[in-house]
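Please read it alongside the structure shown here.

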Amino acid sequence: MNLLIYATPALIVYIIFKLYPAFSGVFYALTDWNGINKTYEIVGIANFLEVFKDKYFWQSVLFTMKYVAAMIVVCNVMALTLAIAIESRRKTKGFFRTLFYMPNMISMVIGGYMWMFIFTKVLYYMADNWGLKFLDQSWIGNPKYSFIAIIIVSAWGSVGYLMIIYMAAIQGVPGSLIETAELYGANSWQKFWNVTLPLISHSLTICIFWTLNSAFQVFDVIYTLTGGGPGRATQSVAINIYEEAFKGNIRYGYATSKSLVLLVIVIIITMIQLKLMKEREQEL
Amino acid sequence: MKNRRFLSDLLVYIFLAVAGFFCLFPLLMALMNSFKTNGELLTNVMSFPKSLKFDNYIRTFNKMHYLRSLGNNVLLVGSSVTLIILFSSLAGWKLCRTKTGLSKIIFSVFVLSMIIPFSSIMIPLYKVVLVLKIKNSILGLSAVYAGLGVSMAVFLYHGFVKSIPYELEEAAAIDGSSGLHAFFSVVLPLLKPITATICITNVLWIWNDFLLPLIVISDSKKYTLLLSTNTLFGQYNNDWTAILSALILAAIPVIIFYAFFQKRILEGIADGALRG
(Lines give C-alpha, C1' and ligand atoms only; values in the text may rest on other atoms or scores of the structure.)
Protein backbone atom coordinates (compact mmCIF):
# COMPACT_ATOMS: atom_id res chain seq x y z
CA MET A 1 0.00 0.00 0.00
CA ASN A 2 2.78 2.30 1.06
CA LEU A 3 4.54 1.39 -2.14
CA LEU A 4 1.71 2.68 -4.27
CA ILE A 5 1.64 6.05 -2.53
CA TYR A 6 5.30 6.68 -3.33
CA ALA A 7 5.12 5.37 -6.86
CA THR A 8 1.84 7.08 -7.77
CA PRO A 9 3.07 10.50 -8.97
CA ALA A 10 5.58 8.89 -11.32
CA LEU A 11 3.04 6.31 -12.45
CA ILE A 12 0.38 8.90 -13.20
CA VAL A 13 2.44 11.06 -15.55
CA TYR A 14 3.98 7.95 -17.02
CA ILE A 15 0.65 6.29 -17.75
CA ILE A 16 -1.00 9.43 -19.12
CA PHE A 17 1.83 10.55 -21.38
CA LYS A 18 3.53 7.34 -22.39
CA LEU A 19 1.63 4.14 -21.70
CA TYR A 20 -1.83 5.35 -22.64
CA PRO A 21 -0.66 6.95 -25.92
CA ALA A 22 1.15 3.72 -26.79
CA PHE A 23 -1.99 1.64 -26.28
CA SER A 24 -4.58 4.06 -27.58
CA GLY A 25 -2.49 4.29 -30.74
CA VAL A 26 -3.65 0.77 -31.55
CA PHE A 27 -7.22 2.04 -31.51
CA TYR A 28 -6.59 5.23 -33.51
CA ALA A 29 -4.72 3.23 -36.11
CA LEU A 30 -8.01 1.51 -36.93
CA THR A 31 -9.88 4.79 -37.54
CA ASP A 32 -10.05 7.46 -40.21
CA TRP A 33 -9.46 10.17 -37.58
CA ASN A 34 -8.05 13.34 -39.08
CA GLY A 35 -7.58 16.96 -38.12
CA ILE A 36 -10.49 18.23 -40.20
CA ASN A 37 -13.57 16.21 -39.30
CA LYS A 38 -14.84 16.26 -35.73
CA THR A 39 -15.91 12.63 -35.71
CA TYR A 40 -14.15 9.56 -36.95
CA GLU A 41 -15.13 6.04 -37.81
CA ILE A 42 -13.50 2.69 -37.39
CA VAL A 43 -12.18 1.51 -40.70
CA GLY A 44 -10.59 -1.73 -39.54
CA ILE A 45 -7.26 -2.70 -40.97
CA ALA A 46 -7.67 -0.50 -44.06
CA ASN A 47 -4.92 1.83 -42.82
CA PHE A 48 -2.48 -1.03 -42.38
CA LEU A 49 -3.23 -2.36 -45.85
CA GLU A 50 -2.49 1.12 -47.15
CA VAL A 51 0.76 1.32 -45.16
CA PHE A 52 1.98 -1.87 -46.76
CA LYS A 53 1.41 -0.38 -50.18
CA ASP A 54 2.76 3.07 -49.25
CA LYS A 55 5.84 3.41 -51.43
CA TYR A 56 7.08 6.56 -49.69
CA PHE A 57 6.78 5.04 -46.24
CA TRP A 58 8.91 2.02 -47.13
CA GLN A 59 11.31 4.28 -48.93
CA SER A 60 11.68 6.22 -45.68
CA VAL A 61 12.17 2.97 -43.75
CA LEU A 62 14.90 1.96 -46.16
CA PHE A 63 16.52 5.38 -45.94
CA THR A 64 16.46 5.18 -42.13
CA MET A 65 18.09 1.74 -42.19
CA LYS A 66 20.82 3.02 -44.48
CA TYR A 67 21.31 6.00 -42.21
CA VAL A 68 21.45 3.82 -39.08
CA ALA A 69 24.03 1.50 -40.63
CA ALA A 70 26.23 4.39 -41.75
CA MET A 71 25.94 6.10 -38.36
CA ILE A 72 26.88 2.95 -36.41
CA VAL A 73 30.06 2.50 -38.42
CA VAL A 74 31.13 6.12 -38.87
CA CYS A 75 30.39 7.34 -35.34
CA ASN A 76 31.83 4.40 -33.47
CA VAL A 77 35.02 4.21 -35.50
CA MET A 78 35.54 7.97 -35.12
CA ALA A 79 34.66 8.01 -31.43
CA LEU A 80 36.89 5.07 -30.57
CA THR A 81 39.81 6.51 -32.55
CA LEU A 82 39.42 9.88 -30.84
CA ALA A 83 39.12 8.26 -27.41
CA ILE A 84 42.34 6.30 -27.91
CA ALA A 85 44.18 9.29 -29.34
CA ILE A 86 43.10 11.49 -26.42
CA GLU A 87 43.79 8.89 -23.75
CA SER A 88 47.38 8.65 -25.00
CA ARG A 89 47.91 12.37 -24.23
CA ARG A 90 48.58 13.31 -20.63
CA LYS A 91 48.58 17.08 -20.60
CA THR A 92 46.08 17.95 -23.31
CA LYS A 93 43.54 15.23 -22.50
CA GLY A 94 41.10 17.48 -20.66
CA PHE A 95 41.27 20.17 -23.31
CA PHE A 96 40.52 17.85 -26.22
CA ARG A 97 37.76 16.06 -24.33
CA THR A 98 36.02 19.37 -23.68
CA LEU A 99 36.51 20.48 -27.26
CA PHE A 100 35.19 17.30 -28.87
CA TYR A 101 32.14 17.13 -26.67
CA MET A 102 31.13 20.72 -27.46
CA PRO A 103 28.99 19.98 -30.56
CA ASN A 104 26.89 17.57 -28.47
CA MET A 105 25.85 20.42 -26.21
CA ILE A 106 24.34 22.33 -29.07
CA SER A 107 20.93 21.35 -30.38
CA MET A 108 20.95 19.66 -33.75
CA VAL A 109 18.50 22.29 -34.94
CA ILE A 110 21.11 25.00 -34.43
CA GLY A 111 23.90 22.73 -35.65
CA GLY A 112 21.85 21.74 -38.67
CA TYR A 113 21.26 25.33 -39.75
CA MET A 114 24.92 26.23 -39.17
CA TRP A 115 25.97 23.35 -41.39
CA MET A 116 23.39 24.40 -43.93
CA PHE A 117 25.40 27.62 -44.25
CA ILE A 118 28.57 25.60 -44.77
CA PHE A 119 26.96 23.40 -47.41
CA THR A 120 25.23 26.14 -49.34
CA LYS A 121 27.78 28.98 -49.08
CA VAL A 122 31.17 28.10 -47.65
CA LEU A 123 31.95 24.96 -49.64
CA TYR A 124 31.12 26.72 -52.92
CA TYR A 125 33.45 29.52 -51.94
CA MET A 126 36.22 27.00 -51.29
CA ALA A 127 35.53 25.28 -54.60
CA ASP A 128 35.64 28.53 -56.55
CA ASN A 129 38.50 30.30 -54.84
CA TRP A 130 40.73 27.56 -53.46
CA GLY A 131 40.39 25.24 -56.40
CA LEU A 132 38.82 22.45 -54.31
CA LYS A 133 36.62 21.36 -57.19
CA PHE A 134 35.35 18.20 -55.50
CA LEU A 135 33.42 20.40 -53.06
CA ASP A 136 31.40 21.84 -55.91
CA GLN A 137 28.40 19.54 -55.43
CA SER A 138 24.75 20.10 -54.85
CA TRP A 139 25.06 19.08 -51.17
CA ILE A 140 21.45 19.76 -50.30
CA GLY A 141 19.76 19.27 -53.67
CA ASN A 142 21.22 15.97 -54.81
CA PRO A 143 20.10 12.98 -52.67
CA LYS A 144 23.43 11.21 -53.17
CA TYR A 145 25.36 14.09 -51.63
CA SER A 146 22.73 15.16 -49.14
CA PHE A 147 22.98 11.70 -47.57
CA ILE A 148 26.67 12.36 -47.03
CA ALA A 149 25.86 15.83 -45.70
CA ILE A 150 23.32 14.39 -43.26
CA ILE A 151 25.83 11.80 -42.02
CA ILE A 152 28.53 14.46 -41.57
CA VAL A 153 26.26 16.70 -39.53
CA SER A 154 24.81 13.87 -37.45
CA ALA A 155 28.26 12.47 -36.74
CA TRP A 156 29.45 15.96 -35.81
CA GLY A 157 26.67 16.07 -33.24
CA SER A 158 27.03 12.64 -31.67
CA VAL A 159 30.62 11.41 -31.85
CA GLY A 160 31.56 13.36 -28.69
CA TYR A 161 29.00 11.49 -26.62
CA LEU A 162 30.28 8.09 -27.70
CA MET A 163 33.85 9.25 -27.21
CA ILE A 164 33.12 10.07 -23.55
CA ILE A 165 31.78 6.55 -23.00
CA TYR A 166 34.80 4.94 -24.70
CA MET A 167 37.19 7.12 -22.68
CA ALA A 168 35.53 6.04 -19.43
CA ALA A 169 35.91 2.41 -20.51
CA ILE A 170 39.55 2.77 -21.57
CA GLN A 171 40.38 4.34 -18.21
CA GLY A 172 39.08 1.16 -16.62
CA VAL A 173 41.65 -1.01 -18.43
CA PRO A 174 44.36 -1.90 -15.87
CA GLY A 175 47.71 -0.37 -16.81
CA SER A 176 49.50 -3.50 -15.63
CA LEU A 177 47.95 -5.52 -18.45
CA ILE A 178 49.19 -3.05 -21.05
CA GLU A 179 52.66 -3.12 -19.48
CA THR A 180 52.70 -6.91 -19.55
CA ALA A 181 51.78 -6.84 -23.22
CA GLU A 182 54.60 -4.38 -23.80
CA LEU A 183 57.04 -6.72 -22.04
CA TYR A 184 56.03 -9.43 -24.47
CA GLY A 185 56.86 -7.05 -27.29
CA ALA A 186 53.35 -6.21 -28.47
CA ASN A 187 53.11 -3.20 -30.79
CA SER A 188 50.44 -0.48 -30.44
CA TRP A 189 48.01 -2.23 -32.75
CA GLN A 190 48.41 -5.58 -31.00
CA LYS A 191 47.97 -3.90 -27.62
CA PHE A 192 44.74 -2.33 -28.82
CA TRP A 193 43.35 -5.36 -30.62
CA ASN A 194 44.27 -8.05 -28.07
CA VAL A 195 44.18 -6.21 -24.74
CA THR A 196 42.15 -3.01 -24.80
CA LEU A 197 39.34 -3.93 -27.18
CA PRO A 198 38.24 -7.17 -25.45
CA LEU A 199 38.22 -5.31 -22.12
CA ILE A 200 36.03 -2.49 -23.36
CA SER A 201 33.62 -4.68 -25.32
CA HIS A 202 30.88 -3.81 -22.83
CA SER A 203 31.08 -0.13 -23.78
CA LEU A 204 31.14 -1.10 -27.44
CA THR A 205 27.76 -2.77 -26.93
CA ILE A 206 26.39 0.27 -25.11
CA CYS A 207 27.56 2.62 -27.85
CA ILE A 208 26.22 0.55 -30.72
CA PHE A 209 22.92 0.20 -28.86
CA TRP A 210 22.76 3.94 -28.31
CA THR A 211 23.65 4.83 -31.91
CA LEU A 212 21.06 2.41 -33.22
CA ASN A 213 18.26 3.70 -31.03
CA SER A 214 18.98 7.38 -31.53
CA ALA A 215 19.67 7.07 -35.26
CA PHE A 216 16.40 5.23 -35.78
CA GLN A 217 14.53 8.29 -34.54
CA VAL A 218 16.48 10.88 -36.53
CA PHE A 219 14.43 14.01 -37.06
CA ASP A 220 16.13 17.34 -36.25
CA VAL A 221 19.10 17.06 -38.62
CA ILE A 222 17.04 16.07 -41.61
CA TYR A 223 14.28 18.55 -40.80
CA THR A 224 16.73 21.46 -40.76
CA LEU A 225 19.11 20.32 -43.49
CA THR A 226 16.95 18.95 -46.30
CA GLY A 227 13.44 18.85 -44.88
CA GLY A 228 13.31 15.31 -46.27
CA GLY A 229 13.88 16.48 -49.81
CA PRO A 230 14.56 16.80 -52.64
CA GLY A 231 11.10 15.34 -53.13
CA ARG A 232 11.05 12.69 -50.44
CA ALA A 233 14.49 11.30 -51.12
CA THR A 234 15.93 11.90 -47.66
CA GLN A 235 12.83 11.33 -45.54
CA SER A 236 13.41 9.35 -42.35
CA VAL A 237 10.55 7.43 -40.77
CA ALA A 238 10.08 10.12 -38.12
CA ILE A 239 9.88 12.82 -40.80
CA ASN A 240 7.46 10.72 -42.86
CA ILE A 241 5.12 10.21 -39.89
CA TYR A 242 5.38 13.85 -38.83
CA GLU A 243 4.50 15.08 -42.32
CA GLU A 244 1.58 12.68 -42.63
CA ALA A 245 0.12 13.90 -39.33
CA PHE A 246 1.03 17.56 -39.06
CA LYS A 247 1.63 18.78 -42.60
CA GLY A 248 -0.71 18.68 -45.58
CA ASN A 249 -3.05 15.75 -45.14
CA ILE A 250 -3.41 15.77 -41.33
CA ARG A 251 -4.32 12.09 -41.46
CA TYR A 252 -3.80 11.22 -37.79
CA GLY A 253 -5.34 7.74 -38.00
CA TYR A 254 -3.25 6.69 -40.96
CA ALA A 255 -0.09 8.24 -39.49
CA THR A 256 -0.70 6.32 -36.26
CA SER A 257 -0.83 3.03 -38.11
CA LYS A 258 2.50 3.91 -39.70
CA SER A 259 3.94 4.60 -36.27
CA LEU A 260 2.76 1.19 -35.05
CA VAL A 261 4.50 -0.49 -37.95
CA LEU A 262 7.61 1.43 -36.89
CA LEU A 263 7.16 0.18 -33.32
CA VAL A 264 7.00 -3.42 -34.51
CA ILE A 265 10.18 -2.93 -36.54
CA VAL A 266 11.95 -1.43 -33.52
CA ILE A 267 10.82 -4.27 -31.26
CA ILE A 268 12.07 -6.88 -33.71
CA ILE A 269 15.44 -5.17 -34.03
CA THR A 270 15.74 -4.83 -30.24
CA MET A 271 14.97 -8.51 -29.78
CA ILE A 272 17.64 -9.47 -32.29
CA GLN A 273 20.06 -7.16 -30.48
CA LEU A 274 19.31 -8.67 -27.07
CA LYS A 275 19.72 -12.18 -28.45
CA LEU A 276 23.08 -11.35 -30.03
CA MET A 277 24.22 -9.70 -26.81
CA LYS A 278 23.25 -12.69 -24.69
CA GLU A 279 25.09 -15.05 -27.01
CA ARG A 280 28.16 -12.89 -26.89
CA GLU A 281 28.10 -12.61 -23.12
CA GLN A 282 27.91 -16.37 -22.83
CA GLU A 283 30.99 -16.66 -25.00
CA LEU A 284 32.97 -14.37 -22.71
CA MET B 1 63.31 4.81 -31.17
CA LYS B 2 63.12 8.40 -29.99
CA ASN B 3 62.45 9.62 -33.51
CA ARG B 4 59.65 7.16 -33.99
CA ARG B 5 58.09 8.29 -30.74
CA PHE B 6 58.24 11.89 -31.93
CA LEU B 7 56.73 10.99 -35.27
CA SER B 8 53.79 9.12 -33.76
CA ASP B 9 53.17 11.97 -31.31
CA LEU B 10 53.16 14.39 -34.20
CA LEU B 11 50.68 12.28 -36.15
CA VAL B 12 48.34 12.01 -33.18
CA TYR B 13 48.44 15.77 -32.70
CA ILE B 14 47.78 16.45 -36.37
CA PHE B 15 44.80 14.10 -36.21
CA LEU B 16 43.46 15.75 -33.05
CA ALA B 17 43.94 19.22 -34.50
CA VAL B 18 42.05 18.36 -37.68
CA ALA B 19 39.22 16.80 -35.68
CA GLY B 20 39.12 19.79 -33.34
CA PHE B 21 38.97 22.19 -36.24
CA PHE B 22 36.12 20.16 -37.73
CA CYS B 23 34.20 20.43 -34.43
CA LEU B 24 34.54 24.18 -34.26
CA PHE B 25 34.28 24.94 -37.97
CA PRO B 26 30.50 25.58 -38.23
CA LEU B 27 30.54 27.62 -35.02
CA LEU B 28 33.47 29.73 -36.17
CA MET B 29 31.99 30.33 -39.61
CA ALA B 30 28.66 31.30 -38.08
CA LEU B 31 30.32 33.63 -35.60
CA MET B 32 32.57 35.27 -38.17
CA ASN B 33 29.83 35.88 -40.71
CA SER B 34 27.23 37.00 -38.19
CA PHE B 35 29.01 40.36 -37.85
CA LYS B 36 29.07 41.12 -41.56
CA THR B 37 26.71 43.07 -43.74
CA ASN B 38 24.92 41.10 -46.41
CA GLY B 39 27.17 42.57 -49.09
CA GLU B 40 30.31 41.54 -47.23
CA LEU B 41 29.00 38.03 -46.73
CA LEU B 42 28.14 37.59 -50.39
CA THR B 43 31.57 38.71 -51.60
CA ASN B 44 33.61 36.57 -49.24
CA VAL B 45 32.46 34.11 -46.57
CA MET B 46 36.00 33.40 -45.45
CA SER B 47 37.10 36.95 -44.66
CA PHE B 48 37.03 38.54 -41.23
CA PRO B 49 34.28 41.13 -40.78
CA LYS B 50 35.43 44.69 -41.53
CA SER B 51 34.12 45.96 -38.20
CA LEU B 52 32.46 44.45 -35.15
CA LYS B 53 28.94 45.77 -35.61
CA PHE B 54 26.15 44.26 -33.59
CA ASP B 55 23.39 45.38 -35.98
CA ASN B 56 22.42 41.82 -36.95
CA TYR B 57 22.31 40.78 -33.32
CA ILE B 58 20.09 43.65 -32.30
CA ARG B 59 17.78 42.92 -35.21
CA THR B 60 17.38 39.22 -34.45
CA PHE B 61 17.41 39.69 -30.67
CA ASN B 62 14.18 41.62 -31.00
CA LYS B 63 12.74 39.61 -33.84
CA MET B 64 13.03 36.28 -32.03
CA HIS B 65 11.92 37.82 -28.67
CA TYR B 66 15.11 36.45 -27.24
CA LEU B 67 14.53 37.04 -23.54
CA ARG B 68 10.98 35.74 -23.66
CA SER B 69 12.04 32.58 -25.52
CA LEU B 70 14.93 32.09 -23.13
CA GLY B 71 12.59 32.52 -20.17
CA ASN B 72 10.20 29.95 -21.61
CA ASN B 73 13.08 27.52 -22.03
CA VAL B 74 14.30 28.02 -18.48
CA LEU B 75 10.79 27.58 -17.08
CA LEU B 76 10.19 24.47 -19.18
CA VAL B 77 13.47 22.79 -18.29
CA GLY B 78 13.30 23.83 -14.63
CA SER B 79 9.81 22.51 -14.02
CA SER B 80 10.27 19.33 -16.08
CA VAL B 81 13.48 18.35 -14.34
CA THR B 82 12.05 19.13 -10.90
CA LEU B 83 9.10 16.86 -11.58
CA ILE B 84 11.29 14.08 -12.94
CA ILE B 85 13.68 14.18 -9.97
CA LEU B 86 10.92 14.35 -7.36
CA PHE B 87 8.64 11.68 -8.84
CA SER B 88 11.28 9.19 -9.85
CA SER B 89 13.41 9.40 -6.71
CA LEU B 90 10.35 8.59 -4.60
CA ALA B 91 9.27 5.79 -6.90
CA GLY B 92 12.73 4.37 -7.58
CA TRP B 93 13.65 4.29 -3.89
CA LYS B 94 10.41 2.68 -2.73
CA LEU B 95 10.35 0.18 -5.58
CA CYS B 96 13.85 -0.92 -4.65
CA ARG B 97 13.16 -1.20 -0.92
CA THR B 98 9.86 -3.06 -1.29
CA LYS B 99 10.32 -6.64 -2.32
CA THR B 100 6.91 -7.82 -3.43
CA GLY B 101 5.45 -9.09 -6.68
CA LEU B 102 3.72 -5.77 -7.25
CA SER B 103 6.93 -3.75 -6.97
CA LYS B 104 8.60 -6.03 -9.49
CA ILE B 105 5.69 -5.63 -11.89
CA ILE B 106 5.64 -1.84 -11.60
CA PHE B 107 9.39 -1.66 -12.08
CA SER B 108 9.35 -3.83 -15.18
CA VAL B 109 6.48 -1.77 -16.63
CA PHE B 110 8.72 1.29 -16.29
CA VAL B 111 11.71 -0.46 -17.84
CA LEU B 112 10.03 -2.30 -20.70
CA SER B 113 8.54 0.81 -22.26
CA MET B 114 11.96 2.41 -22.65
CA ILE B 115 12.25 0.91 -26.11
CA ILE B 116 9.13 2.68 -27.43
CA PRO B 117 10.40 5.33 -29.84
CA PHE B 118 8.92 8.79 -29.53
CA SER B 119 7.62 8.87 -33.09
CA SER B 120 5.47 5.83 -32.28
CA ILE B 121 3.47 7.61 -29.61
CA MET B 122 3.69 11.13 -31.02
CA ILE B 123 0.19 11.33 -32.50
CA PRO B 124 -1.86 9.69 -29.70
CA LEU B 125 0.19 11.84 -27.30
CA TYR B 126 -0.87 14.90 -29.25
CA LYS B 127 -4.48 13.76 -28.79
CA VAL B 128 -3.93 13.48 -25.02
CA VAL B 129 -2.51 17.00 -25.03
CA LEU B 130 -5.60 18.27 -26.85
CA VAL B 131 -8.02 16.49 -24.54
CA LEU B 132 -6.26 17.76 -21.40
CA LYS B 133 -6.21 21.26 -22.92
CA ILE B 134 -2.50 21.72 -22.30
CA LYS B 135 -1.59 22.67 -25.85
CA ASN B 136 0.47 25.88 -25.68
CA SER B 137 1.04 25.44 -21.96
CA ILE B 138 4.65 25.38 -20.78
CA LEU B 139 3.76 23.73 -17.49
CA GLY B 140 1.58 21.21 -19.29
CA LEU B 141 4.49 20.42 -21.58
CA SER B 142 6.73 19.86 -18.58
CA ALA B 143 4.24 17.29 -17.27
CA VAL B 144 4.56 15.54 -20.64
CA TYR B 145 8.36 15.57 -20.32
CA ALA B 146 8.00 14.14 -16.83
CA GLY B 147 5.90 11.32 -18.25
CA LEU B 148 8.47 10.59 -20.94
CA GLY B 149 11.47 10.98 -18.64
CA VAL B 150 10.49 9.14 -15.44
CA SER B 151 11.06 5.60 -16.69
CA MET B 152 14.78 6.09 -17.28
CA ALA B 153 15.15 8.09 -14.06
CA VAL B 154 13.29 5.47 -12.00
CA PHE B 155 15.58 2.84 -13.47
CA LEU B 156 18.69 4.82 -12.49
CA TYR B 157 17.46 5.60 -8.96
CA HIS B 158 16.43 1.98 -8.48
CA GLY B 159 19.91 0.82 -9.42
CA PHE B 160 21.59 3.38 -7.19
CA VAL B 161 19.47 2.71 -4.10
CA LYS B 162 20.56 -0.94 -4.26
CA SER B 163 24.13 0.18 -3.64
CA ILE B 164 23.45 2.22 -0.49
CA PRO B 165 23.15 0.40 2.85
CA TYR B 166 19.70 -0.04 4.29
CA GLU B 167 21.02 0.41 7.85
CA LEU B 168 20.98 4.19 7.50
CA GLU B 169 17.25 4.20 6.92
CA GLU B 170 16.76 1.79 9.82
CA ALA B 171 18.75 4.12 12.04
CA ALA B 172 16.55 6.99 10.94
CA ALA B 173 13.46 4.94 11.73
CA ILE B 174 14.77 4.25 15.24
CA ASP B 175 15.35 7.97 15.67
CA GLY B 176 11.67 8.38 14.97
CA SER B 177 11.73 9.78 11.47
CA SER B 178 9.85 7.75 8.93
CA GLY B 179 7.96 8.00 5.70
CA LEU B 180 8.34 11.17 3.65
CA HIS B 181 10.31 12.92 6.34
CA ALA B 182 12.91 10.16 6.40
CA PHE B 183 13.04 10.21 2.64
CA PHE B 184 13.83 13.90 2.37
CA SER B 185 16.16 14.13 5.36
CA VAL B 186 18.05 10.83 5.05
CA VAL B 187 17.57 9.15 1.68
CA LEU B 188 17.52 12.02 -0.81
CA PRO B 189 20.87 13.47 0.36
CA LEU B 190 22.41 10.03 -0.10
CA LEU B 191 21.15 9.92 -3.67
CA LYS B 192 22.97 13.12 -4.59
CA PRO B 193 25.48 11.62 -7.06
CA ILE B 194 22.81 9.93 -9.16
CA THR B 195 20.53 12.97 -8.85
CA ALA B 196 23.28 15.08 -10.40
CA THR B 197 23.62 12.62 -13.26
CA ILE B 198 19.86 12.51 -13.89
CA CYS B 199 19.66 16.28 -13.66
CA ILE B 200 22.39 16.82 -16.25
CA THR B 201 21.15 14.30 -18.80
CA ASN B 202 17.57 15.56 -18.53
CA VAL B 203 18.46 19.25 -18.68
CA LEU B 204 20.44 18.64 -21.87
CA TRP B 205 17.72 16.47 -23.41
CA ILE B 206 14.83 18.83 -22.73
CA TRP B 207 16.76 22.01 -23.48
CA ASN B 208 17.71 20.72 -26.91
CA ASP B 209 14.52 18.83 -27.73
CA PHE B 210 12.72 20.13 -30.77
CA LEU B 211 10.04 17.78 -32.09
CA LEU B 212 7.79 17.70 -29.00
CA PRO B 213 7.62 21.51 -28.57
CA LEU B 214 7.15 21.79 -32.33
CA ILE B 215 3.97 19.76 -32.02
CA VAL B 216 2.66 21.07 -28.70
CA ILE B 217 3.52 24.79 -28.83
CA SER B 218 2.02 26.83 -31.66
CA ASP B 219 1.51 30.15 -29.83
CA SER B 220 4.57 32.28 -30.62
CA LYS B 221 4.44 33.83 -27.13
CA LYS B 222 5.23 30.41 -25.70
CA TYR B 223 8.03 29.57 -28.13
CA THR B 224 11.22 28.05 -26.82
CA LEU B 225 14.57 29.24 -28.19
CA LEU B 226 14.67 26.53 -30.82
CA LEU B 227 11.14 27.23 -32.02
CA SER B 228 11.89 30.97 -32.38
CA THR B 229 15.12 30.19 -34.21
CA ASN B 230 13.31 27.81 -36.52
CA THR B 231 10.60 30.35 -37.33
CA LEU B 232 13.20 33.02 -37.93
CA PHE B 233 14.94 30.75 -40.40
CA GLY B 234 11.72 30.55 -42.38
CA GLN B 235 11.14 34.31 -42.29
CA TYR B 236 14.66 35.37 -43.21
CA ASN B 237 14.81 32.95 -46.10
CA ASN B 238 18.23 33.82 -47.49
CA ASP B 239 19.37 36.57 -45.16
CA TRP B 240 22.27 34.61 -43.73
CA THR B 241 23.70 37.44 -41.63
CA ALA B 242 20.46 37.55 -39.64
CA ILE B 243 20.09 33.79 -39.43
CA LEU B 244 23.68 33.25 -38.28
CA SER B 245 23.42 35.85 -35.54
CA ALA B 246 20.20 34.19 -34.36
CA LEU B 247 21.94 30.81 -34.31
CA ILE B 248 24.79 32.22 -32.25
CA LEU B 249 22.32 33.82 -29.85
CA ALA B 250 20.47 30.52 -29.49
CA ALA B 251 23.71 28.65 -28.84
CA ILE B 252 25.11 31.09 -26.26
CA PRO B 253 23.19 29.85 -23.17
CA VAL B 254 24.32 26.26 -23.71
CA ILE B 255 27.90 27.29 -24.31
CA ILE B 256 27.95 29.35 -21.11
CA PHE B 257 26.38 26.44 -19.22
CA TYR B 258 29.04 24.15 -20.65
CA ALA B 259 31.87 26.54 -19.83
CA PHE B 260 30.85 26.62 -16.17
CA PHE B 261 29.90 23.01 -15.58
CA GLN B 262 31.87 21.09 -18.18
CA LYS B 263 33.57 18.78 -15.70
CA ARG B 264 30.30 17.90 -14.00
CA ILE B 265 28.54 17.52 -17.33
CA LEU B 266 31.13 15.16 -18.79
CA GLU B 267 31.14 13.05 -15.60
CA GLY B 268 27.34 12.97 -15.56
CA ILE B 269 27.14 11.93 -19.19
CA ALA B 270 29.61 9.08 -18.78
CA ASP B 271 27.96 7.95 -15.55
CA GLY B 272 24.46 8.02 -17.02
CA ALA B 273 25.48 6.17 -20.16
CA LEU B 274 27.36 3.39 -18.38
CA ARG B 275 24.47 2.75 -15.98
CA GLY B 276 21.85 2.90 -18.72
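Chain B has an accessible surface of about 12900 Å², and 69% of that belongs to carbon and sulfur atoms. Accessible areas come from the Shrake-Rupley method with a 1.4 Å probe, and for residues only the protein chains shown count as cover. The model is predicted: local features need pLDDT of at least 70, side-chain atom pairs count only at pLDDT 80 or more, and totals for chains, interfaces and linings use all residues. Residues are numbered from 1 along each chain as its sequence is written, chains are lettered from A and ligands numbered from 1 in the order in which they are written, and side-chain values use heavy atoms, with hydrogens and water left out.

**Chain B overall**

- The secondary structure of chain B consists of 13 helices and 0 strands; helices (H or I, at least four residues) and strands (E, at least two) are DSSP runs, numbered from the N terminus.
- Chain B is more spread out than a compact globule, because its radius of gyration is 24 Å, well over the 19 Å that the globule rule gives for 276 residues.
- That radius is taken over C-alpha atoms, and the globule rule is 2.2 Å times the number of residues to the power 0.38.
- Along the principal axes, the C-alpha atoms of chain B fill a box of roughly 75 × 70 × 35 Å.
- Of the 276 residues in chain B, 54% are buried; buried means under 20% relative accessible area, exposed over 50%, and partly exposed in between (1.4 Å probe, protein chains only).
- Among contacts in chain B with a separation of 6 or more, 75% are between residues 24 or more positions apart; contact means heavy atoms within 4.5 Å.

- Helix 12 (residues 225-235) of chain B is largely enclosed by the rest of the structure, because 8 of its 11 residues are buried.
- The buried residues of helix 12 of chain B include Leu225(B), Leu226(B), Leu227(B), Leu232(B) and Phe233(B), and Ser228(B), Thr229(B) and Asn230(B) are also buried.
- The loop between helix 6 (118-131) and helix 7 (138-162) of chain B holds Lys133(B), and Asn136(B) lies in the loop between helix 6 and helix 7 too.
- Lys133(B) has a positive phi near 55° although it is a residue other than glycine, and Lys133(B) is exposed, with a relative accessible area of 72%.
- Asn136(B), not a glycine either, has a positive phi of about 65°.

**The second largest pocket**

- The second largest pocket holds about 1600 Å³ of space.
- On a 1 Å grid over the protein atoms alone, a cavity is a set of points where a 1.4 Å probe fits but cannot get out, and a pocket is an open set with protein on both sides within 12 Å along at least five of seven lines; lining residues have an atom within 4 Å of a point.
- Grid points are joined across faces, edges and corners, and a volume is the space filled by probe spheres set on the points.
- Its lining has 34 residues, and those nearest the centre are Ile84(A), Ser88(A), Ser188(A), Lys191(A) and Arg5(B).
- At least two lining residues come from each of helix 3 (55-87), helix 6 (143-171), helix 7 (175-183) and helix 8 (188-199) of chain A and from helix 1 (2-34) of chain B.
- Helix 1 of chain B gives the most to this lining, with 8 residues.
- The lining has 14 nonpolar, 9 polar and 11 charged residues; Ala, Val, Leu, Ile, Met, Phe, Trp, Tyr, Cys and Pro count as nonpolar, Asp, Glu, Lys and Arg as charged, and the others, Gly among them, as polar.

**Selected residues**

- Tyr101(A) lies in helix 4 (residues 93-105) of chain A and is buried, with a relative accessible area of 3%.
- Not counting residues up to four places away in sequence, Tyr101(A) touches residues including Gly160(A), Tyr161(A), Leu204(B) and Tyr258(B).
- Met29(B), in helix 1 of chain B, is buried at a relative accessible area of 4%.
- With residues up to four places away in sequence not counted, Met29(B) touches Phe117(A), Ile118(A), Val122(A), Val45(B) and Met46(B).
- Gln273(A) sits in helix 12 (residues 252-283) of chain A and is buried, with a relative accessible area of 11%.
- Gln171(A), in helix 6 of chain A, counts as partly exposed at 47% relative accessibility.
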